[in-house]
Amino acid sequence: MCGIVGYIGNRDAYSIIINGLKRLEYRGYDSAGIALYDGEKLNLSKTKGKVVDLEERVKKEIPTNGNLGIGHTRWATHGVPNDINSHPHVSNSGELVIIHNGIIENYATLKKELINRGYTFQSDTDTEVLVNLIEEIQKQENVKLGQAVQIALNQVVGAYAIALIDIKKPDEIVVAKLGSPLAIGIGEDEFFVASDASPFIEYTNNAIYLEDEEMAIIRKGRDIKVRKIKGDKLVDPYIQELKMNLEQIEKGGYDHFMLKEIYEQPSVIKDTYRGRLLADRGIVRLGGLENYIEKFTNADRIIIVACGTSWHAGLVAEYIFEEWTRIPVEVEYASEFRYRNPIITSKDVVIAISQSGETADTLAAIKLAKQKGAFVYGICNVVGSTISRETHSGTYTHAGPEIGVASTKAFTTQITVLTMIALKIAKVKGTISNSDFMLYLRELELIPSKVEEALKSNEKIEEIAKVFKDVNNFLYLGRGYNFPVALEGALKLKEISYIHAEGYPAAEMKHGPIALIDEHMPVVVIAINSNHYEKVVSNIQEIKSRKGIIIAVVTKGDTTVKEMADYYMEVPKTPEALTPLVTTISLQLLSYHIAVMLNRNVDQPRNLAKSVTVE
Ligand code: M6R
């Protein structure tokens, strides 16, 4: 995720863009940049760091006058966060300037073609390829900017919200959208462009939200022409009157970042496998893995190190890896691993999982593993983070910034990456049948729509939350792939509602926790269709006969557990190995609603920090 802002009109573009970028920093803040047209030439400044760093840089580098400009705050996807990879990007002629939020999947092929035609590139970004592709089309086809953008976007695979300026036409901004948001604010003789309406809410309440596969040519003092990117159809855009305040807009209309991030999961899971999973062709392609497959296929053992929610994702991976790759897996709390004298050899592969990429314990575990000769693979969300740099190779989750302290989308995107890695290794090792491999690829592609379906239970889950918001204890039970989901569900509830909760493998209950069961104890049981279904049904009976209250996560269409449970939350039918990606959604929503009803600070719970950079 990145934030984009543009302005064309009669006001001072600089302050509008800088203030707008500050409001969009929730979308990414590893680098920022701005391009301003002062009436004669385009002045550009960009830097690694936050928007305040950009302001400092601008003071030293460029004049800030001008009524046309574009700006960007970045969440790196292609290329580490540094000055050169920051946006805006300029075409080889110096005439076209672009900002982009999204991922161009086929950029490598396009880049090769452009290099063959004599283009040179400064950055590692996909965006610089796009701006030069547009320039090349303009030259070759002798067409106007809008047409060149349209032709280029028809050659592009991926997701984008772009804003583009041609210094030969300083009365125009061209914008386009597919998969990433883009709003156009309409003022009097002025227009604003942004990833959401927050940068322009004090100037105008009128906005057009472009639909996917639409582009617009915005002309100063004139009009906006919206058209389809495919074909020639003009669109009559719907102008909305905005009623939200600034804070609501930044949260996308949700009350909390956590809820927004829960609801983002269908799209970010797609972003995680975008361009990496080609189910039709039976391909999984992870850049960081391609050159290191043999490290995995020859490994004696995989050791996963992580903390908190990332550790739970590691536990899910243990089941998946052992089932498909037949490589033994150990999952370690990074904080414990670093302080014992673990046996690690050069035949071990260590996978470090971390949303932030800055967790001190995980970092120390990585250093120890490297000292002992292991190959270390990182799975991080934050591009360019310390862990992503300290590991030998790795895969980014591409979940976009996670602002809520309680991890939600980080968990499901980590599992998505781990699933792709396991499938790839199993395929190369020959430990998974071709039909299973193909089945799981196709099923993984269906996960976003299944998560959407699971989210539809939100209102029902809110009703359940009302019933249980005042209890003091919760138990969470799950078996197999869903045992880690039980742990994660309990952690979510604890950290944001401050209610005591414990997660257990369902069968462990009779070894102790069953003593806690009485008519006051709600027990959340993940009781979906699986190999353990009958056993879980027995566990539910054991709880019921001790008057415990059952809140069950069930597969749509289930009748047995629904009849036994006091309350249930439905999720769509999914192959067992992939069920954590849907069952966890119900538990995230349950803890969220309980915390809201208790008036907790959901996004910043007490005593916690988003990234734990101390021991
Ligand atoms: O950034 P990391 O994934 O390394 O963070 C690990 C834990 O600190 C983190 O998952 C923490 O447990 C979250 N608050 C859980 O919601």
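A polar contact is a pair of N or O atoms within 3.5 Å; within protein, one must be able to donate a hydrogen and the other to accept it, and residues adjacent in sequence count only if both atoms are side-chain atoms.

**Entry 1: basis.** I worked with a predicted model, in which local features need pLDDT of at least 70, side-chain atom pairs count only at pLDDT 80 or more, and totals for chains, interfaces and linings use all residues. Residues are numbered from 1 along each chain as its sequence is written, and side-chain values use heavy atoms, with hydrogens and water left out.

**Entry 2: the ligand.** An N or O atom in the side chain of glutamate 495 lies 2.4 Å from a ligand oxygen atom. Backbone N or O atoms also reach ligand oxygen atoms: that of serine 407 at 2.8 Å and that of threonine 309 at 3.0 Å. On its own the ligand has 400 Å² of accessible area (Shrake-Rupley method, 1.4 Å probe), and the protein covers 92% of this area.

Helices (H or I, at least four residues) and strands (E, at least two) are DSSP runs, numbered from the N terminus.

**Entry 3: helix α15.** I checked the length of α15 (residues 434-455). Its expected span is 1.5 Å times one less than its number of residues; for 22 residues this is 32 Å, which agrees with the 32 Å between its end C-alpha atoms. I noted a bend of about 40° at isoleucine 447, with proline 448 following within four residues; the bend is the angle between axes fitted to the seven residues ending there and the seven starting there. Buried residues (under 20% relative accessible area) of α15 include Ile447, Pro448, Glu443 and Lys450.

**Entry 4: backbone details.** The peptide bond from histidine 87 to proline 88 is cis, with omega near 0°. I placed proline 88 in the loop between β4 (68-74) and β5 (89-90). Asparagine 142, not a glycine, has a positive phi of about 55° and sits in the loop between α4 (126-141) and α5 (145-155). Asparagine 142 is exposed (over 50%), at 70% relative accessible area.

Note on methods:
Buried means under 20% relative accessible area, exposed over 50%, partly exposed in between (1.4 Å probe, protein chains only).
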